[in-house]
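Please read it with the structure open beside it.

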Amino acid sequence: MAQLVSTTHRLPSGHEIHVQETGDPAGPVVVFLHGSGPGASGASNFRMNIDAFVAAGYRVILPDLIGYGASSKPEGIDYTLQLFTDTVYEALLAQGVTQADLVGNSLGGGIALQMTLDHPEFARNLVLMAPGCVAPRESYFTMPGIAKMVSNFGGPDFNLAEQKRLIGNLLHPDAAHFITDELVAERFAVARTQPKDVLMRMRTPDLGPRLGEIAHPIMVLWGLNDEFCPEAHGRLFLDHCRDVRVMTFARTGHWVQVERAAEFNAYAIDFLDARR
């Protein structure tokens, strides 16, 4: 994998956001925004995509969201979509990024949408994999994947086996071979540093009614077997967005960028290259 250069930006709020970067410093910028869950981080969520985008000439930026990876993990606060968005945006500006293509999975997709709504001049194009935050928060709690995520996370009994099970919930069984010991250990090391508030006090709005405000080109990719964010939500983008295409994948869960990495890389890079 391409060598990643790490930087930590201390924001005016006092929070620190960890950012990793690789690729052509003069190339078009693509920012990968990871999803939630115990142990998540930029690098672990997109390790199978980085090299393809570097080879295509992109400057690849991988932030760790607040509460995740090597970023600050404050306790006693609500982890709102606005908090995630504002802290990532401030860190990207500190990284010298003034405009970027946004690639977001799950919560990261919601952040990409919120950032585009807040700063339309910053976003160029959006690539969203099973984006969240496009329906009432309570509706996601009815999804079977959410029920399977109940665990000992945040407690002393949380262990590697439980971490592996949680990762497995994200994938279709066909993709179980992607759950390597290295991935489990990497995410477990992060999960052990995360407070329960990261998940228990997450607060996300319904951005569905605002999708029509986004004029940017959007590509949406969804697994038909996603148990966290229903692929039927792809229709929301088709119905309301001005410039959108939606792709679905059979026998695929919540991690299109992992489960269908080669296809994802090819489709996403072609989409972005055509709009340089």
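1. **Terms and ground rules.** Contact means heavy atoms within 4.5 Å. This is a predicted model, so local features need pLDDT of at least 70, side-chain atom pairs count only at pLDDT 80 or more, and totals for chains, interfaces and linings use all residues. Residues are numbered from 1 along each chain as its sequence is written, and side-chain values use heavy atoms, with hydrogens and water left out.

2. **Ile61.** Ile61 sits in strand E4 (residues 59–63). Helices (H or I, at least four residues) and strands (E, at least two) are DSSP runs, numbered from the N terminus. With a relative accessible area of 0%, Ile61 is buried. Buried means under 20% relative accessible area, exposed over 50%, and partly exposed in between (1.4 Å probe, protein chains only). Setting aside neighbours within four places in sequence, Ile61 contacts Val19, Gln20, Glu21, Val29, Val30, Val31, Phe32, Leu92, Gln95 and Val97. Gly42 is 19 residues from Ile61 in sequence, and their C-alpha atoms are 8.8 Å apart.

3. **Leu33.** This residue belongs to strand E3. Leu33 is buried, at 1% relative accessible area. Residues up to four places away in sequence are not counted here: Leu33 touches Phe46, Pro63, Val88, Val103, Gly104, Asn105, Gly108, Ile111 and Ala112. Ala43 is ten residues from Leu33 in sequence and 9.9 Å away in space, C-alpha to C-alpha.

4. **Overall fold.** The protein chain has twelve helices and ten strands. The C-alpha trace spans about 50 × 40 × 35 Å along its principal axes. A compact globule of 276 residues would have a radius of gyration near 19 Å; the chain has 17 Å, which agrees. That radius is taken over C-alpha atoms, and the globule rule is 2.2 Å times the number of residues to the power 0.38. Of the 276 residues, 56% count as buried. Among contacts between residues at least 6 apart in sequence, 75% join residues at least 24 apart.

5. **Main core.** Which residues touch the most other members of the largest nonpolar core? They are Phe84, Leu113 and Phe237, in a core of 49 residues. Strand E2 (16–23), strand E3 (29–33), helix H3 (81–94), strand E6 (100–105), helix H4 (107–118), E7 and strand E9 (218–223) each supply at least two residues of this core. H3 gives the largest share, seven residues. A nonpolar core is a set of buried Ala, Val, Leu, Ile, Met, Phe, Trp, Tyr and Cys residues joined through side-chain atoms within 4.5 Å. In soluble globular proteins, nonpolar side chains tend to be buried together.

6. **Leu113 and a second core.** Beyond neighbours within four places in sequence, Leu113 is in contact with Leu126, Leu128, Gly132, Val134, Leu207, Leu211, Ile214 and Phe237. A second, separate core has 22 residues, including Phe53, Leu221, Ala268 and Ile269.

7. **Largest pocket.** About 900 Å³ of space lies in the largest pocket. Of its 32 lining residues, Ser36, Phe141, Ile146, Leu199 and Met202 are the closest to its centre. H5, helix H7 (160–170) and helix H9 (197–200) each give two or more residues to the lining. H7 gives the most, with four. By class, the lining has 18 nonpolar, eleven polar and three charged residues. Ala, Val, Leu, Ile, Met, Phe, Trp, Tyr, Cys and Pro count as nonpolar, Asp, Glu, Lys and Arg as charged, and the others, Gly among them, as polar.

8. **How pockets were found.** The search uses a 1 Å grid over the protein atoms alone. A pocket is an open set of points where a 1.4 Å probe fits, with protein on both sides within 12 Å along at least five of seven lines; lining residues have an atom within 4 Å of a point. Grid points are joined across faces, edges and corners, and a volume is the space filled by probe spheres set on the points.

9. **Backbone check.** Most residues other than glycine have a negative phi. Ala130 has a positive phi, near 45°. Ala130 lies in the loop between strand E7 (123–129) and helix H5 (137–140), and at 1% relative accessibility it counts as buried. Arg251 also has a positive phi, about 50°. Its place is the loop between strand E10 (244–249) and helix H11 (256–259).
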